[in-house]
Amino acid sequence: MNMFSIIHKSTDGVSRTGMLHLPHGTVRTPVFMPVGTSATVKAVSKDALEEIGFEIILANTYHLFLRPGADLIQEAGGLHGFSTWQNNFLTDSGGFQVFSLAKLRKITEEGVAFQSHIDGSRHLFTPENVVETQVKFNSDIQMQLDVCTGWGVERKEAQRALAITTAWARRALDSWKRARECGYGGFLFPIVQGNFFEDLRKESAQFVSSLETAGIAIGGLSVGEPSGQFAHFLQHTMQFLPEEKPKYVMGIGTPEYILEAVADGVDMFDCVLPTRNARNGSYFTHDGMLSIKQERFARDFSPIDSECDCKVCRTYSRAYLRHLFKEQEILSAMLSSYHNLYFLHHMMTSVRNAIEENRFLKYKRDFLARFTAGNVR
């Protein structure tokens with residue numbers, strides 16, 4: 001079950017480039033994956049995503065299960081037929097969304113009983129029916145149902161969450177194997193949990209490494225912990241995971257966190273932050289984040305980032321983009337989202353080039369020294 005090829009291992013660390021071989025085409029790694037919660041990346045068309053060069057995006061099982069429903073999506077030809085995005089889809093299990101609905105859900109060994117945030121209707125997610133739902137979506141990569149715990153929880157709660165996640169991984173894998181026997185072509189990733197306890201992280205990492213799956217996801221990080229704790233527990237977790245499998249850290253989307261993960265040997269990342277920030281008027285630049293709402297840009301006719309060659313920076317001025325934002329024009333969200341995704345995609349291309357030229361650590365150091373200085377003019 002080899003869906004991943006390592007292309008090059010850097011000589012200046014443990015970063016590597018690779019290739020995911022998926023049902024809807026290959027994906028170059030390390031890769032940032034835009035989040036398309038409802039089978040669409042907010043304010044960005046699938047044509048724009050293709051134009052930028054993305055090879056895989058995310059969709060959210062919880063939201064699509066509630067609306068429009070898995071059966072309708074299956075009838076339309078899966079997520080690819082429904083959305084007409086013909087590259088790859090990774091779908092999460094909905095576990096994190098259920099985690100965030102603390103007042104509307106109850107976790108048992110059977111699964112998660114929850115109320116819809118839309119209409120209050122009651123539902124049950126189990127490891128089995130979450131796999132079955134993602135099969136109906138025809139996901140290229142799907143996640144197991146897991147229990148995510150936040151920063152600062154007591155050890156007892158973390159142990160219980162890990163025990164349930166471990167049991168659910170076995171059940172999800174059995175369900176996925178049955179689906180494969182019936183012709184489903186997608187892959188299942190189990191998820192490492194264990195909160196911020198080193199022994200629990202080790203236990204979980206060693207367990208998921210023993211499973212016959214093509215890749216591994218690392219969950220329960222970037223949930224409110226200090227950045228130093230993120231780096232420590234990511235490094236701690238990675239040492240117990242097999243080199244030959246692709247690793248996916250869930251929910252990171254800043255250059256600082258992405259470059260830290262690449263330096264630790266991680267291959268895949270996703271986050272809503274680039275497009276969410278964009279809708280709030282915050283643009284990525286090589287010199288840090290630029291808030292377009294500032295008065296000083298009212299008569300600034302230069303591009304957002306003079307070193308970016310995206311169509312937004314080639315075409316529009318800061319003054320015009322500020323005007324769009326202040327007027328709450330829909331085009332503001334479209335252009336800012338395009339730019340932020342282009343910026344990260346271009347950064348990942350530069351990352352892969354740096355790895356293959358054995359200079360990634362220097363690239364990381366130089367990029368972050370400039371980006372974190374925040375000298376946006």
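Modeller: The largest cavity has a volume of about 90 Å³. Here a cavity is a set of points on a 1 Å grid over the protein atoms alone where a 1.4 Å probe fits but cannot get out; points are joined across faces, edges and corners, and the volume is the space filled by probe spheres set on them. This is a predicted model, in which local features need pLDDT of at least 70 and side-chain atom pairs count only at pLDDT 80 or more, while totals for chains, interfaces and linings use all residues. Residues are numbered from 1 along each chain as its sequence is written, and side-chain values use heavy atoms, with hydrogens and water left out.

Around the largest cavity, the lining residues (an atom within 4 Å of a point) are Arg28, Val31, Phe32, Gly53, Phe54, Glu55, His345, Met348 and Arg352. Helices (H or I, at least four residues) and strands (E, at least two) are DSSP runs, numbered from the N terminus. By class, this lining has four nonpolar, two polar and three charged residues.

Now the open space: the largest pocket holds about 940 Å³. A pocket is an open set with protein on both sides within 12 Å along at least five of seven lines. Of its 43 lining residues, Phe96, Gln97, Gly251, Asp270 and Val272 lie nearest the centre. The most, five residues, come from α11.

Conventions: Nonpolar A, V, L, I, M, F, W, Y, C, P; charged D, E, K, R; others polar.
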